[in-house]
Amino acid sequence: MTDFIDLVIKFLSQPDQILSKLIEKYDNWIYAILFLLVFAETGLIIMSFVMPFLPGDALIFAIGMIAARGELNIFIIIPLLIFAALLGDNVNYYVGKKFGNYILTSEKTFLIRKSHILRAQHFFDKNGKNSIIIARFIPVVRTIVPFLSGTTNVPYKTFLKFSFIGAVLWVALISLLGYFLGQIEYVKEHLEKFIILIIILANIPLLKQIFFRKKVINE
């Protein structure tokens, strides 16, 4: 566990170096590794409870930067990660469809925090189908919303359309942002600050929801 925490800390401070070392070690297998990482964050609902602040946005930004150096092919990585995100959404949708009611009504569920589900459910109820797109940019929520879509029987064609739009926007916008900003010397020299900023910005909606929820409860 300590090694994993050290790896996360190193990634936050030197994401480009960590990715470069992985590329050097695994060569073209890095595409499969990155595919699995993005799939795990979006497709394995348990990940959002084990690691509530997953750095998916920071990872994709760093991938864009690495691609700007020529270490990754941007024309391969973007469609690959879009597919990973879309596949992850579909897995979560069907898990919600098959087991959602059981998980939501069960008093004790292994490694699943009901508070996270309730916050995501409030977000889902408030934003409707658009939450499938918006949630893409919010850690934890992006993992749970597809699950809730399956649980509440959102028509699959509707879910797939919104999920596809969200996956394209999420991967393309953030990776291309990293790709173009990564060519600026100032960004290269202060990369860790940009990564931390991205993580903070991505978690603001979730933190606001937690803060205001506690405030309402206290009142």
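**Questions about a predicted helical chain**

Colleague: How many helices and strands does the protein chain have?

Modeller: The model is predicted, so to speak of local features needs pLDDT of at least 70, while side-chain atom pairs count only at pLDDT 80 or more and totals for chains, interfaces and linings use all residues. Residues are numbered from 1 along each chain as its sequence is written, and side-chain values use heavy atoms, with hydrogens and water left out. With helices (H or I, at least four residues) and strands (E, at least two) taken as DSSP runs numbered from the N terminus, the protein chain has 12 helices and zero strands.

Colleague: What percentage of the 219 residues count as buried?

Modeller: Buried means under 20% relative accessible area, found with a 1.4 Å probe and protein chains only. By that cut-off, the share of the 219 residues in the protein chain that count as buried is 47%.

Colleague: What share of the contacts with a separation of 6 or more comes from residues 24 or more positions apart?

Modeller: A contact means heavy atoms within 4.5 Å. Among contacts in the protein chain with a separation of 6 or more, the share from residues 24 or more positions apart is 82%.

Colleague: Where is Asp-27, the residue with a positive phi of about 55°?

Modeller: Most residues other than glycine have a negative phi. Asp-27 is not a glycine, yet its phi is positive. Asp-27 is found in the loop between α2 (15-26) and α3 (30-43).

Technical notes
Buried means under 20% relative accessible area, exposed over 50%, partly exposed in between (1.4 Å probe, protein chains only).
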